[in-house]
Amino acid sequence: MPWRCGGCSAGSPGPCAAGRSTPGGKVNRLRVHLFGFETDVQASEVLFASLRLQMLVGADRADRLYRPAGEDARAYKRSWMLGFIREVTDRVTAAQETARAAAQDEQEGAGSVGRSVALVLADRSTVVDARMNDRYPTLGKSRPAKFKGTGYRQGRVDGRRADIGGQSVVPGARAEELVG
């Protein structure tokens, strides 16, 4: 059964959404279908590739340096990765909010009479959500992650040092075509 990923739209550079499913009922297989405007999807893919590499290297490093003796390495790494992902998601969300506020302030300072930044982003999110709901009308919500290891806190600490890139809002960008 397909289900909606609760954190994908918050962790992506633009308004994107993801539907996840297990193809053909296969165990330990997961398919993710990312929806969004082309530049947002591309930015999400670049950010994902960079963060995935940072996460894998960081998990190995944390395992070597911080895992308590006797703790299962896989459990420690999984909990570390969960902490890393949550911290990075929080940082990306904060960066998005800062960029939105700066764009809104710039728009208001220039005396612009066009649509507000918040309205444009809300419209884009609505379009993305509608496309995803058309494709996957019966999506459920994902369950909260559970973990056994003790690496979560170190994952959060290391997530604060992750390179999440620079500004993701490009002033004067042209209209884009929705993909997905």
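In this predicted model, Phe84 has a relative accessibility of 4% and therefore counts as buried, the limit for that class being under 20% relative accessible area. Trp80, at 1% relative accessibility, likewise counts as buried. Both residues lie in helix α3, where they are 4 residues apart, or about one turn of the helix. Trp80 and Phe84 form an aromatic pair of the stacked kind, with 5.0 Å from centre to centre and 20 degrees between the planes.

Trp80 and Phe84 also take part in the contact that α3 makes with α2, to which α2 contributes residues including Leu47, Leu51, Met55 and Tyr66. Helix α2, covering residues 38–66, packs against helix α3, covering residues 73–109, at an angle of about 135 degrees, and the two axes are 9 Å apart. Because of this angle, α2 is described as oblique to α3, and the crossing in which α2 passes α3 is right-handed.

Across the whole structure, a search finds 2 aromatic pairs. In the pair formed by Phe35 and Tyr136, the ring centres are 6.1 Å apart and the planes stand at 85 degrees, so this pair is edge-to-face. Since Phe35 belongs to strand β3 (residues 31–37) and Tyr136 to the loop between α4 (117–135) and β4 (140–141), the pair ties together parts that are 101 residues apart in sequence. Phe35 is buried, with a relative accessible area of 1%, and Tyr136, at 13% relative accessibility, counts as buried too.

Note on methods: Residues are numbered from 1 along each chain as its sequence is written. This is a predicted model: local features need pLDDT of at least 70, side-chain atom pairs count only at pLDDT 80 or more; totals for chains, interfaces and linings use all residues. Side-chain values use heavy atoms; hydrogens and water are left out. Axes are lines fitted to C-alpha atoms, for helices over the stretch in contact, and angles run from 0 to 180 degrees between N-to-C directions. Helices (H or I, at least four residues) and strands (E, at least two) are DSSP runs, numbered from the N terminus. Angles under 35 degrees count as roughly parallel, over 145 as roughly antiparallel, 65 to 115 as roughly perpendicular and the rest as oblique. A crossing is left-handed if the near helix is turned anticlockwise from the far one by less than a right angle, and right-handed if clockwise. Contact means heavy atoms within 4.5 Å. Rings of Phe, Tyr and Trp (its six-membered ring) pair if their centres lie within 6.5 Å; planes under 30 degrees apart count as stacked, over 60 as edge-to-face and the rest as tilted. Buried means under 20% relative accessible area, exposed over 50%, partly exposed in between (1.4 Å probe, protein chains only).
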